[in-house]
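Open the model in your viewer and keep the sequence beside it. The stops below say what to select next and what is there.

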Amino acid sequence: MLTLIDGIEAFIGRLKAIHPLLPWLVALLLLLPVPHFTANNYQVYLINFICIMIILATGLNIVKGFAGQVTVGHVALYAIGAYTSAVLSTKFGMPFYVNLPVSILAAMIFGVLVGLPSFRLEGAYLALATLAFAQAVEVYIRVTNYLGAASGIGGIKPPEFFGFTLRNYDEYYYLVMPIMLLAVYASFAILRSATGRAFMAVREDPISAASMGVNVRRYKLIAFVMSAFYAGLAGSLYAHMLPGYVHPNNFTVIEMVTVLLMVVLGGIGNIWGGIIGAIIVTIVADITREYYFYQLLLFGAVIVGTVLFMPKGIGGIIDRYFVNRRFVAARELTAVAKRGVVGSASREE
Amino acid sequence: MKKSLNCLVIAGVLAAGSAWAGEIRIGATMRMISENGQKYGEMMQDEFAAINESGGINGHTVKLILLNDECKSDKGVANANKFAYQDNVHLIIGSTCSSVSLPIVDVTAQAEVPQIIPHSTNDQITRKNSAWVFRVPISSRYYKGVVSKYLHDKVGDQIAYVYASDAAAMSETQGLIQQMRDVYGVEPVYEAQTQEKEIDFRSHLVTIKDLNPDAIFFGGLQEPIARFLVQSYEVGIPASVVRAAGSAASNAPVPKLAGDAVKGVFFSAAYSDSDDRPIAQLFNSYVRSRYGIKGVDHDFSQAYDLIRIVEIALGNADLSLEDDDLAADRTAIRDAIANVQGYEGLASGPISFCADPTPECRDGNRTPVLIQYLEGGEDFKVGILDRVTMPVEFGL
């Protein structure tokens with residue numbers, strides 16, 4: 001297993017040396033034929049759902065992992081993205097390529113609203129404020145007839161491009177998978193940018209960050225808006241996937257806990273960890289579908305267990321492996337260099 | 001070693017495949033998060049097990065895969081996709097909640113799997129005109145007709161409506177308000193929507209008390225109905241104001257939780273606990289002894305009727321049950337269900353289907369029964385006010 005990880009890392013390194021975008025292009029090419037290797041349509045449906053969850057978890061990781069803001073209102077932004085697409089599609093007959101950016105924009109506007117309390121609140125207090133926002137959104141949808149209220153909104157049209165409609169899960173995969181890859185790539189780009197470094201400075205110590213010239217309020221708000229971008233994107237993709245139906249029951253606290261579990265299990269602040277978490281949680285939720293009595297108990301236990309025994313999640317373990325390996329390699333290199341120096345010195349003598 | 005392992009795996013897969021052949025696979029997705037919800041699921045498992053013990057259907061055993069959708073559409077859709085594409089079921093049963101059955105209709109239509117609905121009443125389900133959908137319970141379009149007529153003829157036109165935010169309650173109550181408006185030209189004296197989990201309705205009830213209506217109608221699930229009734233007396237609304245409720249009032253927890261406050265409340269449902277037909281009495285004592293349920297509600301009777309209808313249809317369908325013939329078997333089952341005519345079981349009236357993918361053909365039961373609570377508590381008593389068979393096109 002470790003040899004495999006080493007091999008993959010070396011391969012990615014070689015590709016990066018040619019062009020920084022090449023590993024992503026290779027990933028795209030490798031992922032393209034996936035539906036042809038699945039046993040049935042249900043597995044493609046699950047993969048599509050995993051892609052949407054990866055986008056959602058990556059978004060949560062930006063605000064929670066990178067910027068250290070404790071939010072539990074992410075699922076409300078996901079709902080806003082989904083419902084914006086649903087309303088535009090069913091009530092105004094707008095196509096997917098219009099609905100997607102408008103949904104993202106709507107989620108980002110609400111992202112500003114969620115981000116504002118973070119100026120004055122921290123930790124559990126911010127969590128409570130964002131939880132209240134999530135509840136308010138769910139309740140508002142549930143009692144608003146225009147938004148389908150408790151009946152939900154059905155009949156959301158599947159995406160159509162140049163007369164070609166994505167009518168089944170196989171076809172939808174070729175929309176959702178590249179978008180997911182692009183979203184993950186963007187999150188890496190954010191992490192490596194000056195904005196990403198400012199996020200991390202805010203996370204580690206807002207006062208120190210401010211003293212170093214980082215506009216803490218501005219970067220907190222940017223983190224919430226970026227996170228909302230991802231949530232709106234995931235929501236729109238979810239709404240347009242077959243059977244094109246959204247309901248307030250899909251955006252409750254339980255969904256929020258599930259997305260949180262993905263990020264916590266994968267590793268807060270670790271992009272790959274969030275992706276692994278999204279994959280594992282979705283698959284485990286599917287496998288344990290028949291043991292529904294124990295599912296939430298299992299999820300809760302995993303969160304507690306992860307926080308207690310693996311606080312940096314799966315991503316943290318992988319990171320530690322690479323750090324250790326690099327440390328060992330550097331130590332060996334230093335030892336070799338030292339031996340070389342000693343050898344040449346003795347020869348000179 | 002590797003080769004022999006591969007052979008073993010292939011042999012295992014083939015053996016599993018042959019074990020599937022000759023078996024009728026049914027997937028059921030239901031809301032099993034309440035005590036009664038679990039019992040409906042248990043009853044389905046027990047009934048199919050009994051069919052298998054008595055030799056199966058035309059010699060074929062039935063395999064039931066039961067999953068919980070928690071009344072959530074995404075889980076219901078995932079369950080339906082799993083049944084259709086992974087478990088390769090011949091028939092899907094579900095769901096309990098209208099908000100779950102609605103999107104599943106699109107999944108079963110695309111996958112071309114017959115779907116038969118045990119409990120959902122929302123009239124939009126069959127209005128989607130899917131050729132693959134059949135509904136055993138009474139559609140909300142029939143309920144509203146019966147209740148509105150009774151209210152107008154026997155109670156009065158000054159009616160206050162309060163309803164919870166669940167799909168069935170909204171469809172039932174809003175349909176009733178519209179019916180009163182369209183047919184009798186009557187506007188509600190009060191109309192309010194509450195939260196799904198709201199437990200204090202006194203602010204609405206105090207306002208309603210001042211309006212002095214002829215009747216109050218409450219649409220919602222069982223617990224909110226019980227609370228609403230108790231609180232209506234707490235705020236001092238006299239017993240002379242008639243209390244009416246949605247079809248969920250038929251569920252046993254309502255009289256148990258509401259106690260004497262349930263006395264005089266009327267509602268329409270598909271089955272009455274006080275039904276004096278021998279088959280109904282036998283069914284009541286069976287459910288009471290086997291599942292420990294004192295008040296047998298219409299969700300039990302509808303689940304039972306559904307199993308009998310499925311049994312009849314599967315018995316009449318010409319099935320090969322080979323994996324290659326899955327699509328043909330699914331079509332045969334759909335056609336066999338469409339041919340079920342005049343089934344007389346526990347339901348308040350005969351259940352019939354036909355081939356057209358229209359609500360007229362796919363809303364099987366159109367005979368709501370008007371029921372009134374005579375006594376509350378665990379040993380509650382109900383009486384039948386009326387039983388009305390609605391015209392097939394009513395409410396369309």
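How many helices and strands does chain A have? Select chain A: there are 15 helices and two strands, where helices (H or I, at least four residues) and strands (E, at least two) are DSSP runs, numbered from the N terminus. This is a predicted model, in which local features need pLDDT of at least 70, side-chain atom pairs count only at pLDDT 80 or more, and totals for chains, interfaces and linings use all residues. Residues are numbered from 1 along each chain as its sequence is written, while chains are lettered from A and ligands numbered from 1 in the order in which they are written.

Stay on chain A and show its C-alpha atoms. They fill a box of roughly 90 × 50 × 45 Å, taken along the principal axes.

Next, select the contact between chains A and B. Chain A gives 21 residues and chain B gives 26 residues; two residues are in contact if their C-beta atoms, placed from the backbone, lie within 7 Å. On the side of chain A that touches chain B, α4 (41–66) and α7 (123–143) of chain A each supply at least two residues.

Now move to chain B and colour its strands. Seven of them form an open sheet with mixed pairing, in the order β7-β6-β8-β9-β10-β12-β13; two strands pair if DSSP finds at least two bridges between them. At the edges, β7 (190–193) and β13 (381–387) of chain B each pair on one side only.

Finally, select β8 (residues 215–219) and β9 (residues 242–245) of chain B, which run parallel and are joined by four bridges. B:Phe217 has B:Ala244 as its bridge partner in β9(B).
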